[in-house]
Amino acid sequence: MEFFSFDEAYLKRLRERDFPTEQHFVAYFRKLLVIKLRSRLRGSQAVDDIAQETFLRVFKAMGSERGIRQPERLGAFVNSVCNNVLQEFYRSSGQGTQLDDDTPEPVDHVLDLDGFLVSKETREQVRKVLDQLPEKDRQLLRAIFLEEKEKDQVCREFGVDRDYLRVLLHRAKNNFRVFYEKSGAERPRAPKQ
Amino acid sequence: MEHLQAIQLKAAERYVLGELPSDLRERYEEHFFSCVECAEELSLAAAFVENSRAAMGSEPVMPPVRLPVSAAQRPAASGWLGAFLRPSFAVPVFAALLLLVTYQTFLVIPRLKTTATQSVGALATAAPQALASFSLITADSRGGEPLALTVAPGQPFSLYFDIPPAGNYSSYICEIVNSAGAAEFSLNISTEQAKNAVQLLIPSSSLGPGKHAVVVRGLGTQGSASGSATEVARYPFTLAFSQ
């Protein structure tokens, strides 16, 4: 895992429209924005529109006189702008705000990114991880991820509880990390200073 | 949400499974937008789910593995099977089976031995008992504190953890080491056992309070000298006894 920090130098390069830094910034936060927005919205067009508008506003704020003053708060700022754009989307589409306390909890459904993070290489890496799992665990994940069956029912059928499912996903994710870090694929690299 | 809370909550997994209530979800989002490590964890979890769908979507469907259904749920037998279940045939057959079972139960008495794992020897017990079990699976997460375990004095407990699949090892050595790094227990784990979560039974009072770690080393990769061991996982934990 490559660690970097959103520090003063990074923010300065963004303000100066340094291309590699902008590319990194967009790639890094776009992934997080899509994950966040897809957890709330099904339509990929709306997700793209909101992400695009979020970036526009963030870049505009960077260029303004008051701007973003605390580089370590850059991520929180992006999230906050996204929340505002999302609120506006809900109001304009007549859905009302989804962030009220009175709003009922969303239905418990697995994140669906509509293939956003899928690639041939990554799929094959995941296939290796799945092949190492016991058949029961493979079928459990198939029922949840692919067949999108209701999780409580699937857990009952397989004689497991929700914590088993979380631990299974956690272990599989860690096994997948080994292949993923070896390949070094598809991760936005921080630009060299 | 603090980073440690996100790790302990398995927030990345709960997020992709859609299990976080809205207030926790928002707090986690505020956190992972600012935390590179948690952003990576979430991205990995999401990538794994997405690519699992793609990988499994192109596979043939295997017969489902399900729990056995109760007799009340089974459909009624018909045809040639129904003939075997007619009372005139079934009653004598079942009576003979009952005699056989009675003979086995009362004249051939099996000796029961239960062993929790192969790690610290066999545990003979005459009756089932609840066992405190602790997962070390998240203990190696970067940035996390060692897990704090509290057990009742004089009681056994179990630890379970994963062995990463990386490396072409012929087997593994698993040790429990104390804070000075000295091995307190050592056992061998086969590659077959390493495919699933490994569970260690720790006999009562065999570990003292304080800091310990489960250290897993791989043995005998291809091209390396036989007997060389490479550390592949380390799970620190702190043990305390309840009053």
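The lining of the second largest cavity is made up of six nonpolar, two polar and four charged residues. This cavity belongs to a predicted model, in which four cavities of 30 Å³ or more are counted. The space inside the second largest cavity amounts to about 100 Å³. Twelve residues line the second largest cavity, and those closest to its centre are A:Lys173, B:Ala6, B:Ile7, B:Glu13 and B:Glu41.

Both chains take part in this lining. Chain A contributes at least two residues through α8 (162-183). In chain B, α1 (3-8), α2 (11-16) and α4 (36-57) each likewise supply at least two. The largest share, three residues, is provided by α2(B).

Helix α3 (residues 44-63) of chain A packs with helix α4 (residues 74-92) of chain A at an angle of about 130°, and their axes lie 9 Å apart.

From α3(A), the residues in contact are A:Ala46, A:Ile50, A:Glu53, A:Thr54, A:Arg57, A:Val58, A:Ala61 and A:Met62. They meet A:Leu74, A:Phe77, A:Val78, A:Val81, A:Cys82, A:Val85, A:Leu86, A:Glu88 and A:Phe89 of α4(A). The residues of this contact between α3(A) and α4(A) comprise 13 nonpolar, one polar and three charged.

Notes: Residues are numbered from 1 along each chain as its sequence is written. Chains are lettered from A and ligands numbered from 1 in the order in which they are written. This is a predicted model: local features need pLDDT of at least 70, side-chain atom pairs count only at pLDDT 80 or more; totals for chains, interfaces and linings use all residues. Side-chain values use heavy atoms; hydrogens and water are left out. On a 1 Å grid over the protein atoms alone, a cavity is a set of points where a 1.4 Å probe fits but cannot get out, and a pocket is an open set with protein on both sides within 12 Å along at least five of seven lines; lining residues have an atom within 4 Å of a point. Grid points are joined across faces, edges and corners, and a volume is the space filled by probe spheres set on the points. Helices (H or I, at least four residues) and strands (E, at least two) are DSSP runs, numbered from the N terminus. Ala, Val, Leu, Ile, Met, Phe, Trp, Tyr, Cys and Pro count as nonpolar, Asp, Glu, Lys and Arg as charged, and the others, Gly among them, as polar. Axes are lines fitted to C-alpha atoms, for helices over the stretch in contact, and angles run from 0 to 180 degrees between N-to-C directions. Contact means heavy atoms within 4.5 Å.
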